[in-house]
Every structure is written in structure tokens, then in C-alpha cells.
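User: Can you walk me through the pockets and salt bridges of this one? I would like the cut-offs as we go.
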Amino acid sequence: MWAKFKPYIISIAIALAVGGLGTFLIRNNLYLYAIIDKPAFSPPAFLFPIVWTILYVLMGISSARIWLQRDIHAYEAMDSLLSYALQLTLNFFWPIIFFNMRTFLFAFIWIVVLWASILKMVFKFSVLDKTAAYLNIPYVLWVTFAGYLNFMIYLLN
């Protein structure tokens, strides 16, 4: 039984650990969201950890599905997982740039690069496993919205 769920548990744990470490590193600067000028459609601060937890779980499930393809499509699976690792790394650094460095324009440029890397990952996932790709659609949509928020925060501040 464990063997069947092991890739999923490990993959979800990795994604949540990346998100958790990122949050830990910005914990002293999260108040920034409360004091900066934000656009009208800004969600309340309590919503972010809920949404990100769901997104990291979906990312973990999708990456596990790709990992399970490695015996059949070794090169494509590893190439897809490298794209996953790249976007996860970019994702990790965005809040540090935004909250700790407070460089809103640079954070916006970073999130555009992150968004492009997510699209590349989704495309690569879709070649191997359509479900793995579809699991990342909420992530693409949320990062698109986050990009809008980031750009508006840059303009307003």
C-alpha cells in the first residue's frame, strides 16, 4: 500500500516544504501586505496560505504523476521534472523579492518569468500526462492574478 502512495506523499511534501520555507523566510515582513496600497480586487491576507497550500498539493500530485512516467518515458519525464524544479525554484524566490527586498518592479519581472516557466512545465506535463497538466491550471490562473496584483502594487506604491 505504501509503495503506491509513496511518490505522491514525497512529492506533496517537497512542494509544501518549499512553500513553507519561503513563508518562514518572509515571516517578519508579511505585515507589508497590510500597509501597502493595493488594487480594489486584492484578496484578504488570510486567503493566501489557503490558496497556496492547495496549489502546492496539486503541484505535488502532478509532479508525482510525471515521476511515475519515468520508466516508460525516461528522458521526457526527467526533462519535465527539471521544468517543474525550475518553476518551483522561481516560485520560492518571488516572495523573498517582494516582501523582504520590497522591489516590486523586479518582483513583477520575476513573476512574469515564473509564469512563463509554469506554462512551459504545463506543456511538457501535457505530453506525458494530461491530468498532471490540468492539475496546474489553478496554479497558472493564480499566478496570472498574482502578476496583476504585483504590477498594480508596483504602480500604486
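**Pockets and salt bridges**

Analyst: The lining of the largest pocket draws at least two residues from each of helix H1 (2-26), H3, H4, H5 and helix H7 (137-156). Helices here are DSSP runs (H or I, at least four residues; strands are E, at least two), numbered from the N terminus. This is a predicted model, where local features need pLDDT of at least 70 and side-chain atom pairs count only at pLDDT 80 or more, while totals for chains, interfaces and linings use all residues. Residues are numbered from 1 along each chain as its sequence is written, and side-chain values use heavy atoms, with hydrogens and water left out.

User: Which helix gives the most to the lining of the largest pocket?

Analyst: H1, with 7 residues.

User: What volume, and which residues are closest to the centre of the largest pocket?

Analyst: The largest pocket holds about 670 Å³ of space. Its lining has 28 residues, and Ile26, Phe48, Trp52, Trp94 and Phe99 are the closest to its centre. A pocket is an open set of points on a 1 Å grid over the protein atoms alone, where a 1.4 Å probe fits, with protein on both sides within 12 Å along at least five of seven lines; lining residues have an atom within 4 Å of a point. Grid points are joined across faces, edges and corners, and the volume is the space filled by probe spheres set on the points.

User: Changing topic. How many salt bridges?

Analyst: The structure holds 2 salt bridges, each a side-chain nitrogen of Lys or Arg within 4 Å of a carboxyl oxygen of Asp or Glu. In one of them, Asp129 meets Arg65 at 2.8 Å, N to O. Asp129 lies in the loop between helix H5 (104-128) and helix H6 (130-134) and Arg65 in helix H3 (residues 47-67), so the pair ties together parts 64 residues apart in sequence.

User: Is Asp129 buried or exposed?

Analyst: Asp129 is buried, at 8% relative accessible area, and Arg65 is partly exposed at 25%. Buried means under 20%, exposed over 50%, and partly exposed in between (1.4 Å probe, protein chains only).

User: What does Lys124 pair with?

Analyst: Lys124 and Asp79 meet through their side chains in a salt bridge at 2.6 Å, N to O. The two are 45 residues apart, with Lys124 in helix H5 and Asp79 in helix H4 (residues 74-100). Lys124 counts as buried at 17% relative accessibility, whereas Asp79 is partly exposed at 24%.
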